Amino acid sequence: MTTLQKNFPVVEVNLKKLRQNIDEVVSRCNEKGIMVAGVVKGFNGIVEATRQFEESNCSFIGSSRLEHLKEAKDAGMKGPFMVVRIPMLSEVPDLVKFADISLNSEIEVIKEINAECARQGKKHSVILMADLGDLREGFWDKEAMAKTAVYIEKNLENVTLAGVGTNLGCYGSINPTIENMNQLIAIAETIEKEIGRTLSIISGGGTTSLPLVLDGTMPERINHLRIGEGISLGKDLQDLWGLDMSYLHPDVFTAKAEIIEVKDKPSYPVGEIFVDCFGNKGEYVDRGIRKRALLGLGKLDFAMSDMLIPREKGIEVLGGSSDHLIVDIEEYQGELKVGDFLEFDVRYATMMYLTASKYVRIECK
Ligand SMILES: *Cc1c(COP(=O)(O)O)cnc(C)c1O
């Protein structure tokens, strides 16, 4: 059997730059007494990239997907491994096998973890999640949360209550603030009073909580964050929050796609306009005849064409369809021809889709 000899499309991962970003972020957190779980789900747990986190001062390797942690473990990494999505009941056997600690909100699942630990002769730690308004995972009823904590402490011999945590800025777009961080600390302290000991982890969130650490306002008892995006894509915190992140490489990930057609064409579609191939009404601006290139990479691979950012000046993403990316190259200084490739920066969504696409080669260098 022969295999396809594919060069493009490819996502390149610069491991050295990734490692430098990890070190910059983790050292800033460690200085403030904050442990970091390096979260690798955003790039689908690419093993060599995960290894950079493993070899750094990260305290945990985290992912929402057990597949990523299993691959890391199979590649010889030691973790400890943290699962950052509330585990499915049906994945508890694998959870216990491949992870050391997980974020939880359902006592039913935690009891099953305890039982499974007994079967496998293992221990597992849990962080109970509090929902502080973002309305994704976690206890809304904080009394029920404290009761669950006490139950774990008193009744489950194979499960250790490591601490509490929260997640913000995902579904409900709620900002982490000094106020909601203090709410989490208050919950921790209520639980500590009831169980008569100090919790080892108070996990204040993900990348969106990092600004509080960087500007020195993170309340002292928060001692753990789970960070992926803020390390892998040094650009995002700068672009979205206006923070100075100049010490991070913005270009750890590079998407490269090959030009399959170059032609001068009208910029406004010709004929009766209805909907595009995904049923959306497009918006088109008539700028006359312009030079365009078609690339061999599509929405099947990146989902959102506006989240691919051309590296070079004079190139503008116009849109895409399942298997094509269409760019305007009218203003590009230089010649582009069929067979050349173009480079793009990625955002969180495009990093996630591209690294998951079985049609995109991944090259670590
Ligand atoms: C994905 C995830 C993270 C990490 O998010 P980033 O934005 O990549 O830092 C942290 N915590 C939870 C619960 C997550 O699901």
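Colleague: Which strand does S10 pair with, and over how many bridges?

Modeller: S10 (residues 253-266) runs antiparallel to S15 (residues 341-346), with four bridges between them. Strands are DSSP runs of E, at least two residues, numbered from the N terminus, and pairing takes at least two DSSP bridges. This is a predicted model, where local features need pLDDT of at least 70 and side-chain atom pairs pLDDT 80 or more, while totals for chains, interfaces and linings use all residues. Residues are numbered from 1 along each chain as its sequence is written, and side-chain values use heavy atoms, without hydrogens and water.

Colleague: What stands opposite lysine 256?

Modeller: Glutamate 343 in S15.

Colleague: How does S12 pair with S15?

Modeller: S12 (residues 308-310) is antiparallel to S15 over three bridges. Leucine 308 there faces valine 346 in S15.

Colleague: New topic. What are the domain bounds?

Modeller: Domain 1 is 15-239 and domain 2 is 253-364, taken from an automatic or database domain assignment.

Colleague: How much area do domain 1 and domain 2 bury between them?

Modeller: About 1,100 Å², 69% of it on carbon and sulfur atoms. Buried area is the accessible area (1.4 Å probe) lost on putting two parts together, summed over both. On the domain 1 side, Gly42, Ile46 and Leu233 lose the most, together 39% of what that side buries.

Colleague: How many salt bridges cross the interface of domain 1 and domain 2?

Modeller: One, by the rule of a Lys or Arg side-chain nitrogen within 4 Å of an Asp or Glu carboxyl oxygen. Arginine 347 forms a salt bridge with aspartate 239, closest N and O atoms 3.3 Å apart.
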